[in-house]
Amino acid sequence: MNTEDVLNEFRDAGALLEGHFKLSSGKHSSVYCQCALVLKDTWRAMKLSAAFVEKLKATGVDVDMVVSPAMGGVVIGYEVARTLGIPGVFTERVEGQLELRRGFEIPRGAKILMMEDIITTGLSSRECIESIEAAGGHVVAAGCLINRSGGRAEVGVPITALATIDAPIFDPSEVPDELKNIPAVKPGSRGLNK
Ligand SMILES: O=P(O)(O)OC[C@H]1O[C@H](OP(=O)(O)OP(=O)(O)O)[C@H](O)[C@@H]1O
Ligand SMILES: O=C(O)c1cc(=O)[nH]c(=O)[nH]1
Ligand SMILES: [Mg+2]
């Protein structure tokens, strides 16, 4: 699948949103990729994961386990792990910090794929990688469905993205007037319980 094929799956699922969004990083954007709406269509989840795994395998990387940050990473992480035939677990926020819970364990030195739905600034990916390393895993690769940083986000390991796009983001103080006129919505869950 090329980038346009991936974006068409998002469009067909009504998941490529336009408006005024406050992102997880605190940045603002006029575009939001709502992965949950794509992945609710189980056939799309299978198709996108299969294409991702093909791309990941082409990099030659070998992984023992997939770890994803909740919420956005859970479904895609599970589906990618299922496609690879390896365990898939997730980290979740406890007082703001990503942690392994529910009895999930990472065997010491296991080679881990950190799997996200979206990478914008890479902040959540870096936090998840830190939590995996703290739990004894060795993160050898990062993956996502859409890297919307234009490929500029850095997470400390190579990133395999099914699609890479360059979707503009703005600091809160630099939001353009046409966006300011639209009330901002925050679809993601970071900070919801604070
Ligand atoms: O690269 P970044 O700048 O970190 O942005 C991308 C992150 O933002 C979203 O998660 P969010 O924190 O909104 O919560 P969610 O996964 O619960 O939707 C998305 O699922 C990624 O985890
Ligand atoms: O940066 C984010 O928070 C973000 C952007 C996006 O397009 N989709 C998403 O789920 N999160
Ligand atoms: Mg997330």
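A residue counts as buried when its relative accessible area is under 20%. Keep that cut-off in mind as you look at this structure, which is a predicted model. Take Cys128: its relative accessibility comes out at 0%, so Cys128 counts as buried. Cys144 lands in the buried group too, because its relative accessible area is 0%.

How many disulfides does the structure hold? The count is zero. To make a disulfide, two cysteine sulfur atoms have to be within 2.5 Å of each other.

Let's move on to the ligands. Ligand 1 has 17 residues around it, and those that come nearest are Ser24, Glu116, Asp117, Thr121 and Ser189. As for where to find it, ligand 1 sits in the largest pocket.

Which side chain puts an N or O atom 2.5 Å from an oxygen atom of ligand 1? That's Glu116. On its own, ligand 1 has 490 Å² of accessible area, and the protein covers 90% of that.

## Meet ligand 2

Around ligand 2 you'll find Leu23, Ser24, Tyr32, Cys33, Ile118, Thr120 and Arg148. Sorted by class, this shell has four nonpolar residues, two polar ones and one charged one. And where is ligand 2? The space it takes up is the largest pocket.

Ser24 brings a backbone N or O atom to 2.8 Å from an oxygen atom of ligand 2. Cys33 likewise has a backbone N or O atom 2.8 Å from a ligand 2 oxygen. With Arg148 the side chain takes part: one of its N or O atoms is 2.8 Å from an oxygen atom of ligand 2. How much of ligand 2 does the protein bury? Taken alone, ligand 2 exposes 290 Å², and 89% of that is buried by the protein.

Conventions:
Residues are numbered from 1 along each chain as its sequence is written. Chains are lettered from A and ligands numbered from 1 in the order in which they are written. This is a predicted model: local features need pLDDT of at least 70, side-chain atom pairs count only at pLDDT 80 or more; totals for chains, interfaces and linings use all residues. Side-chain values use heavy atoms; hydrogens and water are left out. A residue is near a molecule or strand if one of its heavy atoms lies within 4 Å of it. A polar contact is a pair of N or O atoms within 3.5 Å; within protein, one must be able to donate a hydrogen and the other to accept it, and residues adjacent in sequence count only if both atoms are side-chain atoms. Accessible areas come from the Shrake-Rupley method with a 1.4 Å probe; for residues, only the protein chains shown count as cover. On a 1 Å grid over the protein atoms alone, a cavity is a set of points where a 1.4 Å probe fits but cannot get out, and a pocket is an open set with protein on both sides within 12 Å along at least five of seven lines; lining residues have an atom within 4 Å of a point. A molecule sits in a cavity or pocket if more than half of its atoms lie within 2 Å of its grid points. Ala, Val, Leu, Ile, Met, Phe, Trp, Tyr, Cys and Pro count as nonpolar, Asp, Glu, Lys and Arg as charged, and the others, Gly among them, as polar. Buried means under 20% relative accessible area, exposed over 50%, partly exposed in between (1.4 Å probe, protein chains only).
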